[in-house]
Amino acid sequence: MSLYFNALQLCKAPDDNKQIAYLYGEIGYAYLSQEHFAEAENYYNKALVLLRQLKQNKDVCNTLINLSAMCRQQKKYTSALTALNEVNEIFQVTHDTAIEGYYYLNKGVVLETMGNIDSAAYCYRKAYDIWKLLGKESEVYKATFNLGYIAEEKKDYNEALRYYHLSEAAARKYGSTKEIAHVCGTMAEAYAAINDFKNAYTYLYEYATLNDSLSKSDFNSYVVKLDKQFENEKNRETIQAQELKLQKQRGTILFVIIVLIVVIFATVAIFSYLTFNNRIKKKVDEAKTRFFSNVAHEIRTPLSMIQGPINVLQSKIDDPALVHQLSIAERNTQRLNDLINQMLAISKVDAAKYQLNEHIGNPIDFINELVLLYDAQAKEKHLAFSKQVEHYTQNTLFDSDALEKIIGNLVGNAIKYTPQGGAIGIEVSSEAYDEATGFIINVWDTGIGIAKKEHTQIFERFYRSEEHKEAGIKGIGIGLSLIKELVELMNGTIEVESEPGKGSVFTVKFSLKHPQKATAVTKETTEDQNTILLVEDDPDILNFNKLLLAERGFNVITAVNGNEALAIFAKQLPDLVITDLMMPDKGGIGLIKGMKSNPLTDHIPVIILSAKTSAESKTEGVVEGAQVYLSKPYHPEQLVALVNNQLQVIHKQIAHFRQQAGNEQKTIEERFSGTDPFTQKCYTIIHEHLDDAQLSVEMLAELMNINRSHFQRKIKALTGYSPSELIRIIRLENAKEMLLKKAGNITEIAYLTGFTSQSYFTKCFSDHFGYPPSQLPGK
Ligand code: ADP
C-alpha cells in the first residue's frame, strides 16, 4: 500500500491520469484484501471516475467487476448487480467477448449467492460457452464447476458429474493441480452420493495425492466420512433388502392367512352343510326307527295270534295242497316276525340297551342248525346252497340271538340278491386259543353284487342300493346296519367284497370266550347250604356250571351220567338235580325214572339242561317228572334263577307242611293226611306207636324200610324236621288233642303219648306250645 501511495505522489503530471486510475484500482484491491471495504469502494470509485474519463472501457469493466465482487461479499447484492449492469452496457457496445465472459461468470456468482439458482445457472452456461470459445480453460473450469455445484444442490448428481468432468478436463488442460484436486474431491463426494463407491474412491485417492495441503488426518476423516456413508448405504441397502424381504414375507403371510380364512370358511360351510344334512338324515332315521319299532310292538301280538293257529292247523291238516299253503303262510309270518325282532333289536341298540346275552354252548352246532332253516328257501329259488361249517366241539359263551340275526340276515340276503339258478354258500372256520376261539364266517353268493362305491353305505341304516331299488327288489335296509352294530358289540368286524353281476362275499370275524374252568371250589359245606347234583357228560359245561353254582353259595356234587348219579344217592341226597338228557350209561330220562321210582329220591326236583330242542324231548322229560326244561345254549343267569326257583318251591313246601302240622282247626289225623305219602306213612307208624316210649329213629327207619341216614335226610327234606323232632311233635300234638278231649290227666296222657316222665313231658310241651299243659287254653 505504501509503495502504491509513493507512486501516486510521483504521478502529478496531467498525462499521468491513466497511471493514477490504475494505482487507485490497485489500492482499492489492497484495501479489499484487508477487508477495509469502505476504503476499497472509495478507491474503486476514484479509479472509475478517471477511467470513464479516459474511456478505458476494458479497465472500467474490470474495476466494476472487482467492485461488484466486493459488494457481493458484503451482501450488497443490488450494488453488485448495478456494477455488473454497467459492464453489460459497455460490452454491448464494445463487443468485448472476454468482458462478456467475466460479466456472466460474476453475475452467476451474485445470483447464486442470492439464491437465484436457475438464473445463476443460465449465466454460468453463457460464461461456459464464451470461455469455451475463447479457449480460456481456467474460466471454463470456473463456469462448469459452478454449474456442477448447482446441479448437485438440486440433487441431480448425474448432471453435476457431467459438469464436474468438464471442469476436471479444463483443470487438467491448464494444469492447475489445486483445481484438479478440488474438482476430484468434489467428484468423489458426488460419486459417493450416488453410491458409486468405486469412482468415489478413485477420485478421492487422486484428490488426496494431488492436494499436498490436505493433511493425512483430513484425508482419514474424509475416508471415515465416506466409509460411514458407504456403511450407511450398505445398511440402508441391507435394511431395504430386509424390508423388501419382510414385505415379501408379509405378502406371503397375508396370502396364506387369506387362503386359510377362505379354506376355514369353506370347511365350516361344507362341514355345517354336511352336519346339517347328517343331522337331518339322523333325525329322519331316528324317526323311522321309532316309527318302525312302535309299529313292531303293535304288530307282535296279532302276529303271534296268526302264527299260533297256523301251527295248530298244520298239525291237523293232511291235505298236501293245504299243507303247502300253510307252510307258505307260516314262512311269511316267520319273516315278518324276524323283521319285527330286528326292528326291536335296532331300537334297543339305539337306546344303548342292547346287552350281549352270553349263553354257554357250541356255536358251530348252533350255526349248523340255523342254516338248515334256509334250505327250503334256497331250494325254492333253485339255488345251490353250499355249507362248509368246520366241525368244532368246544363250548363258548355267545349271544345266540345276535348270532342268529347275523347269520340269518347274511344268508337271507344271499338268497334274496341271487337270481334263480345261482349259488350261495356259508363257510365257517375257527381257531381256538387258550381263553377264546376266533371265528371267520364267509357268506357268499353269485348274485347281482354291489357297486364298489356302495360298499360302505350298505351298512348304513335304511340304505338300499339305487340299482336294486330300481330293479324292484324289496327291502328296507336295516339288516346289514343291525348286523354291523351287533358285530361291533361283539368286538368283531364285517366286510364286503363284491362286483356287480358277479356276486358278493360278506366276511364276519369275531372271537368268543371259553367258559371259565372250575378250580377253587373247596368251600366247606355247611348245614343250611343247599346241595345240587350236576349230571353232565360235557366237561366244559360241567365245570362251568359247577363254578357258577359254587360261586352262588351252593354245595355242588357232580356225576357224568345217570348211573353215577343214582349211585351217589346211596351216600348223599341232594336238594336239586340238574341233568343233561343225552349221556352214555343212562341218560337224563333214565335217571329221572330211577329217581321217581325210588321213595328216597322221588321228592328231589329235577332241571333238564339239554341241547335237544324238540317239543317231544321237552315233553318227555316233564312227563317223567322233571320240573323244568332248559335248552342249550342257555344263559347262566337263567340257570341260576331256575335253581333258586326250585329251592324256593322246596322251602315253601316245608313251610306249608309246618303250617299244616300246627293247624289247630283240624284233627291231627287230618293234618297229616294232606302231606306227601312218605310223611303220611311215617305219621301212621308213629301214631301206631304213640304210647311206645321205645320208638326210636332207628326203629322208625326200620319200620319205614329205609336206611337210617337216608331216612333222616328224606324227612328233613320233606318236613324240615329231623326224625326225632317229628316223633316228638306228633306225640305232643296228640297229647294236646287228648288233653283238650279230657281223655285223662296230665300224667296219664304223658304216658299215653310215650313220655316216661311227667316233668320231661311238661318241659317238652312248654317248649313246643309256649305254655305248660296245666294252662292249656279252653281246658
Ligand atoms: P335290505 O336287504 O332290507 O334292503 P340290508 O341292510 O340287508 O337291507 O341290505 C342293504 C342293502 O345292501 C340292500 O338293499 C342291497 O342293496 C345290498 N345288499 C345286501 N346284501 C347283498 C347281497 N348279498 N348282494 C347284493 N346286494 C346286497
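Q: Which residues in α5 meet which in α6?
A: Contact means heavy atoms within 4.5 Å, and helices are DSSP runs of H or I, at least four residues, numbered from the N terminus. Here Tyr 77, Ala 80, Leu 81, Leu 84, Asn 85, Val 87, Asn 88 and Phe 91 in α5 meet Ile 99, Glu 100, Tyr 103, Asn 106, Lys 107, Val 110, Thr 113 and Met 114 in α6. By class, that's 10 nonpolar, four polar and two charged residues. Mind you, it's a predicted model: local features need pLDDT of at least 70, side-chain atom pairs 80 or more, while totals for chains, interfaces and linings use all residues. Numbering runs from 1 along each chain as its sequence is written, and side-chain values use heavy atoms, leaving out hydrogens and water.

Q: At what angle do α5 and α6 pack?
A: About 160°, axes 10 Å apart, for α5 (residues 77-94) and α6 (residues 97-114). So the two are roughly antiparallel (over 145 degrees).

Q: How do α7 and α8 pack?
A: α7 (residues 117-134) and α8 (residues 137-153) pack at about 155°, with axes 8 Å apart, and are therefore roughly antiparallel too. Tyr 124, Tyr 128 and Trp 131 are among the α7 residues in this contact, with Val 140, Leu 147 and Ile 150 among those of α8.

Q: Which residues have the most contacts inside the largest nonpolar core?
A: A core joins buried residues (under 20% relative accessible area) through side-chain atoms within 4.5 Å. The largest has 74 residues, and Tyr 24, Leu 64, Met 70, Val 87, Tyr 164 and Met 187 have the most contacts inside it. Helix α10 (residues 177-193) gives the most, nine residues. Leaving aside neighbours within four places in sequence, Met 187 is in contact with Leu 161, Tyr 164, His 165, Glu 168 and Tyr 203.

Key: Axes fitted to C-alpha atoms, helices over the stretch in contact; angles between N-to-C directions. Parallel < 35°, antiparallel > 145°, perpendicular 65-115°, else oblique. Nonpolar A, V, L, I, M, F, W, Y, C, P; charged D, E, K, R; others polar. Buried < 20%, exposed > 50% of the residue type's maximum accessible area, 1.4 Å probe, protein only.
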